[in-house]
Amino acid sequence: MELGVVNYVAIAVLALMGLYVLSLIYNNFRAAGVTDRGVAEEIRFLKERVDRIKAVREFDKQKNELSWNGARKFRVARKHPENGEICSFYLQPHDERPLPPFEPGQYLTFKLDLPSAKKVTTRCYSLSDSPKGEYYRVSIKRNPPPKDPAKADIGKSSSNFFHDQVNEGDILNVHAPGGDFFLDMHRSTPVVLIGGGIGITPVLSMLNAIVESGSTRETWFFLGIRNGKEHVFREHLEAIDQANENVHVRIVYSGPDESDVEGKDYHHKGRVGADLFKEVLPSNNYDYYFCGPPPMMESLFHGLRDWDVPESRIHFEAFGPATVKSKKSADKDDGKADAAPATGFKLKFVKSEKEIVWDGSADSILEFAEANDIDMDSGCRAGACGTCITAVLAGDVNYNTDPSADVDKGSCLTCISVPKSDMELDA
Ligand SMILES: Cc1cc2nc3c(=O)[nH]c(=O)nc-3n(C[C@H](O)[C@H](O)[C@H](O)COP(=O)(O)OP(=O)(O)OC[C@H]3O[C@@H](n4cnc5c(N)ncnc54)[C@H](O)[C@@H]3O)c2cc1C
Ligand code: FES
């Protein structure tokens, strides 16, 4: 009760201080000859900044209070098949404590006990809905069999495990939301969100978050798929497109089949890329967020750069080993961005008692080790989950892409790094 009174007094004092500051700003602008409209504009701008700072603080506070370390048990509250071999899983915490908020675009890391895996398997899945507070949702595409039948073992495939063996009521071990690929919801600058196939999941979370927050931010949403059979979240996207003047959804089929009708089922035939944006967007002046198959990501990145979109406005995430080498990460290779990776370094795997010469035949230390029968832990293979972290006993690495997982000093993520010198690894 007493605390309530103190709070009211504090709020009243803050409000009076705010008014005083605004009147000072107003008088200063007037003294400087700024018009009433100019003053109003400045005050609106300042108010927006104050609101943004307050919202960021509130988000951080909730996140710090409610987040968790390690694995937490989640119950599958709903399993819902979507189009195109994709299945959505709605997860609620088994301990029934509230969920921390997350940034739209982030992912969950799962620790799975797969039937034929000897160890716990780690996999990341993007959150595919906005942060609603009641549940987390992931949408998982069934993985097809590998090209090499000798490597086929469905009992080791996480996505097939989810589809075939995870059911409503089951309990899963889940790490807290993470990842650097997310939309800043406290800004109102125009955005282009692009999903290719199952790469729709993080950008759908962004789209839903924009719409549900009531933001009037100009938003373009492109979904690139083969045809109607892969047209996922169709009704949901159509409803959003119709109900929100600021949102423009564009569906692009690369190979429509006979039953697909242009103008009804899809807007454009071809591929999502800079050529299409030049046709459809009023300018190139947007922040671009994309996720999709490697060739699409690569051509989007270079197409946007050729269209003079600054690299700082291009944001992307890969669901596997990085294929797009941005200038930012390439620059870290001592300016040798386009040069072939250096070879000839001696790699000593201390626990395995093997020494091999790095010949550049693999894209990462992890791949190189596996090709030489050295057992190393891995999960996402994209620098996200931290499973492949390995102590570096001597030498150093270059990263192909910036790690999202935390890397302790003296260690490296082998899935996204290559040697920079002779090395000794604790593996
Ligand atoms: C940050 C991040 C976010 C991601 N978000 C999503 C997402 O939202 N949705 C999504 O679907 N994916 C997402 N992924 C990809 C996901 O993590 C897995 O990589 C993907 O599901 C494939 O894993 P898997 O275990 O099924 O197959 P793999 O890791 O490719 O294979 C594991 C083993 O199973 C075998 N195998 C696989 N499939 C078969 C099969 N059909 N028959 C026989 N053997 C098989 C393989 O040969 C291999 O031995 C994301 C990845 C990252 C890094
Ligand atoms: S395997 Fe996930 S960070 Fe390397």
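Two strands pair if DSSP finds at least two bridges between them. Helices (H or I, at least four residues) and strands (E, at least two) are DSSP runs, numbered from the N terminus. In this predicted model, local features need pLDDT of at least 70 and side-chain atom pairs count only at pLDDT 80 or more, while totals for chains, interfaces and linings use all residues. Residues are numbered from 1 along each chain as its sequence is written, chains are lettered from A and ligands numbered from 1 in the order in which they are written, and side-chain values use heavy atoms, without hydrogens and water.

- Lys73 stands opposite Asn173 in strand 6.
- Strand 1 and strand 6 run antiparallel and are joined by four bridges.
- Both belong to an open sheet of six strands, in the order 4-3-6-1-2-5. The pairing in this sheet is antiparallel.
- Strand 4 and strand 5 are the edge strands, and each pairs on one side only.
- Neighbouring strands of this sheet are turned by 40 degrees against each other on average, direction ignored. For such angles, axes are lines fitted to C-alpha atoms (for helices over the stretch in contact), and angles run from 0 to 180 degrees between N-to-C directions.
- As a general rule, strands of a sheet pair through backbone hydrogen bonds, either parallel or antiparallel.

- Five strands form an open sheet in the order 14-13-19-15-17, with mixed pairing.
- Its edge strands are strand 14 (354-357) and strand 17 (411-413), each pairing on one side only.
- Which sense does the pairing of strand 13 and strand 19 take? Strand 13 (residues 346-349) and strand 19 (residues 423-425) pair in the parallel sense, over three bridges. Met423 in strand 19 is the bridge partner of Leu347.
- Strand 13 and strand 14 pair in the antiparallel sense over four bridges. Phe349 stands opposite Lys354 in strand 14.
- The hairpin of strand 13 and strand 14 has four residues between the strands. Glu353 in this hairpin takes a positive phi near 55 degrees.

**Helix 3 and its cover**

- Helix 3 (residues 158-165) is mostly covered, with six of its eight residues buried. Buried means under 20% relative accessible area, exposed over 50%, and partly exposed in between (1.4 Å probe, protein chains only).
- The buried residues of helix 3 are Ser158, Ser159, Asn160, Phe161, Phe162 and His163.
- Their cover includes strand 1 (72-81), strand 2 (86-93), strand 3 (107-112), strand 4 (121-126), strand 5 (136-141) and strand 6 (171-178).

**Around ligand 1**

- Which residues come nearest to ligand 1? Of the 27 residues around ligand 1, they are Cys124, Tyr125, Ser157, Ser158 and Ser159. A residue is near a molecule or strand if one of its heavy atoms lies within 4 Å of it.
- Strand 4, strand 5 and helix 3 each supply at least two residues of the shell around ligand 1. Strand 4 gives the most, with four residues.
- A polar backbone atom of Cys124 is 2.7 Å from an oxygen atom of ligand 1.
- A polar backbone atom of Ser158 is also 2.7 Å from an oxygen atom of ligand 1.
- For Lys141, a backbone N or O atom lies 2.8 Å from an oxygen atom of ligand 1.
- Taken alone, ligand 1 exposes 960 Å², and the protein buries 84% of that.

- Glu317 lies in strand 12 (residues 314-317). Is Glu317 buried or exposed? Glu317 is buried, with a relative accessible area of 10%.
- Not counting residues up to four places away in sequence, Glu317 touches several residues, among them Tyr107, Ser126 and Phe290. Contact means heavy atoms within 4.5 Å.
- Pro190 is found in the loop between strand 6 and strand 7 (191-196). Pro190 is partly exposed, with a relative accessible area of 22%.
- Pro190 and Asn285 are 95 residues apart in sequence and 7.9 Å apart in space, C-alpha to C-alpha.
- Leaving aside neighbours within four places in sequence, Pro190 is in contact with Glu218, Asn285, Tyr286 and Asp287.

**Positive phi in loops**

- Most residues other than glycine have a negative phi.
- Glu85 has a positive phi, near 60 degrees. Glu85 lies in the loop between strand 1 and strand 2, and is partly exposed at 49% relative accessible area.
- Arg381 has a positive phi near 60 degrees. Arg381 lies in the loop between helix 9 (365-371) and strand 15 (389-394), and is partly exposed at 25% relative accessible area.

Notes. A polar contact is a pair of N or O atoms within 3.5 Å; within protein, one must be able to donate a hydrogen and the other to accept it, and residues adjacent in sequence count only if both atoms are side-chain atoms. Accessible areas come from the Shrake-Rupley method with a 1.4 Å probe; for residues, only the protein chains shown count as cover.
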